[in-house]
Amino acid sequence: MLLRQLSKRILVTAGLLMVLPFSINADEQAGPVEVPKARAKATQEFGCVAPVEEMRKSHMQKLLHKRDKTLREGVRTKDISLAECIDCHVTKDEKTGAMPSFGDDKHFCSSCHNYAAVKVDCFQCHNDKPENQNYKHSLTDNPLKAHHKDLALNVEASKKSLNKETLDVVTSGGSK
Amino acid sequence: MDKNMTDLARRNFFGKAAAAAGLAVAPGVMLYEVQARPADQAASSKVRWGMLIDTTKCNDCNECVTACQTENGWGAGSDNEQKSSDRQKAQWIRKVKLTDKQTGHVQSLPLMCQHCETPPCVDVCPTGASMKRADGIVLVDKHICIGCRYCMMACPYKARSFIHEDLHNQKVVAPRGKGTVESCTMCVHRVDKDGTPACVEACTKADRNAMVFGDLNDPNSTISMRLKEFGGEQIRADLGLNTGVRYQGL
């Protein structure tokens with residue numbers, strides 16, 4: 001009888017132990033993904049190369065299109081360029097001060113890609129960190145002088161101005 | 001002697017003609033017809049990039065190889081490829097010593113991708129990764145390279161190498177990774193910005209002046225004029241590949 005009670009108790013404890021980690025994890029994962037902040041360079045007029053909604057949906061198409069243009073034809077504009085993305089978006093971890101590698105949750109690309117479990121192989125060849133860690137390009141509202149000039153000029157009038165919400169996401173992290 | 005004098009006169013004439021072709025828009029400001037290619041424009045077949053290497057000026061220095069390594073992040077230019085053996089490691093450019101057994105005459109020259117007009121590496125590539133740009137630069141599109149290494153077998157110059165291990169901290173200008181083939185890119189990232197390949201720059205800096213880079217299609221470029229005056233040999237000319245890299249004094 002005593003043995004039976006004991007084994008029952010062990011079973012219950014084991015069961016609890018099995019369930020507990022999952023429930024804790026579920027709490028942790030339930031919140032939105034923390035996207036690392038880009039260097040504060042976006043302006044109301046011409047911030048990132050395109051509004052966040054558009055970039056989230058089609059960054060890969062843009063990059064795929066551009067990579068063939070660059071490699072095969074030698075078109076080297078700054079509008080869509082993986083190196084330019086990395087230069088602005090991959091930033092040091094605020095707490096540790098370390099530059100994250102692709103795969104870390106603190107790396108801009110992997111912060112989402114880890115969450116969505118989408119594997120990319122860009123960084124098997126390309127550098128996943130900015131070569132010059134203090135890199136900054138000029139900020140300007142003048143589309144003719146803007147760093148991502150070519151793209152800024154092509155943006156339709158409606159998309160030209162980033163709304164406040166978008167700008168917040170671009171410059172201060174967080175996700176919607 | 002007479003011929004040299006005429007050539008010099010011709011060159012002076014061309015020099016003046018080129019200056020006259022420029023259009024003065026304001027005092028001190030000239031508009032030339034030939035300009036650097038804008039970043040948003042594709043490379044054109046009007047240009048064919050080439051290199052001329054004077055083996056009589058080349059000696060046992062290693063400046064070109066070191067410069068290439070630093071620029072593109074291979075060999076001594078990176079801390080990668082620790083596990084690969086010496087025979088496996090990357091070799092974009094290397095120095096070759098030629099000894100004439102009969103006379104004992106020794107020559108040293110840099111050997112790299114010869115940027116053929118009809119490249120055998122492009123012929124054999126099953127995916128189209130091995131490719132030639134419109135301006136004659138032969139490259140590997142690592143996005144679609146499957147690492148079969150047919151091109152390495154096909155190249156008569158042994159100019160290509162294969163990456164055997166995971167790499168990190170590559171140069172931004174020269175992405176390279178495990179499972180793909182690579183070779184000299186003629187510093188395409190510099191050329192696209194109107195620059196000179198790192199090896200040529202280093203050779204000139206070291207005061208050897210054995211390497212000249214330029215447009216083979218432009219009769220007024222230094223390289224074309226030197227080729228016209230002194231001629232330039234192709235290595236394995238018998239293969240009829242019409243290489244972009246020529247040697248003088250072989």
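Start with Cys187(B): buried or exposed? Cys187(B) is buried, because 25 other C-beta atoms lie within 10 Å and 20 or more is enough to count as buried. Keep in mind as you click that this is a predicted model. Cys187(B) sits in the loop between strand 9 (181–182) and helix 5 (188–191) of chain B. Check its backbone too: the phi of Cys187(B) is near 45 degrees, a positive value in a residue that isn't glycine. Most residues other than glycine have a negative phi.

Next, select Asp194(B). Here is another non-glycine residue with a positive phi, about 70 degrees. Asp194(B) lies in the loop between helix 5 and helix 6 (198–205) of chain B.

Now follow the chain into helix 6 of chain B and show helix 2 (residues 63–72) of chain B alongside. At what angle do helix 2 and helix 6 of chain B pack? The angle is about 135 degrees, with the axes 8 Å apart, so the two helices are oblique to each other. Helix 2 of chain B passes helix 6 of chain B in a right-handed crossing. To see the contact itself, select these two sets:

- From helix 2 of chain B: Glu63(B), Cys64(B), Ala67(B), Cys68(B) and Glu71(B).
- From helix 6 of chain B: Ala198(B), Cys199(B), Glu201(B), Ala202(B) and Cys203(B).

Colour them by class and you get 7 nonpolar residues, no polar ones and 3 charged ones.

Some of these names come back at the next stop, the largest nonpolar core. That core has 52 residues, and those with the most contacts inside it are Met51(B), Ile53(B), Cys64(B), Cys68(B), Ile93(B), Cys199(B) and Met211(B). Elements giving two or more residues to this core include strand 3 (49–54), strand 5 (106–112) and strand 10 (211–215) of chain B. Helix 6 of chain B supplies the largest share, 5 residues.

Zoom in on Met51(B). Which residues does Met51(B) contact, leaving aside neighbours within four places in sequence? They are Val200(B), Met211(B), Val212(B), Phe213(B), Gly244(B) and Val245(B).

There is a second, separate core of 10 residues, and Ala38(A), Leu82(A), Cys85(A) and Cys88(A) are among them. Chain A has 7 helices and 0 strands, and buried residues make up 22% of its 176 residues. Take contacts in chain A between residues at least 6 apart in sequence: 69% of them join residues at least 24 apart.

Pick Pro36(A), in the loop between helix 1 (2–30) and helix 2 of chain A. Pro36(A) counts as buried, because it has 20 C-beta neighbours inside 10 Å.

Last stop: the place where the two chains meet. Here 15 residues of chain A are in contact with 19 residues of chain B. On the chain A side, the largest share, 4 residues, comes from helix 2 (residues 52–73) of chain A. Coloured by class, that side shows 4 nonpolar, 5 polar and 6 charged residues.

Methods
Residues are numbered from 1 along each chain as its sequence is written. Chains are lettered from A and ligands numbered from 1 in the order in which they are written. This is a predicted model: local features need pLDDT of at least 70, side-chain atom pairs count only at pLDDT 80 or more; totals for chains, interfaces and linings use all residues. A residue is buried if 20 or more other C-beta atoms lie within 10 Å of its own, exposed if 12 or fewer, and partly exposed in between; C-beta atoms are placed from the backbone. Two residues are in contact if their C-beta atoms, placed from the backbone, lie within 7 Å. Ala, Val, Leu, Ile, Met, Phe, Trp, Tyr, Cys and Pro count as nonpolar, Asp, Glu, Lys and Arg as charged, and the others, Gly among them, as polar. Axes are lines fitted to C-alpha atoms, for helices over the stretch in contact, and angles run from 0 to 180 degrees between N-to-C directions. Angles under 35 degrees count as roughly parallel, over 145 as roughly antiparallel, 65 to 115 as roughly perpendicular and the rest as oblique. A crossing is left-handed if the near helix is turned anticlockwise from the far one by less than a right angle, and right-handed if clockwise. A nonpolar core is a set of buried Ala, Val, Leu, Ile, Met, Phe, Trp, Tyr and Cys residues joined through C-beta atoms within 7 Å.
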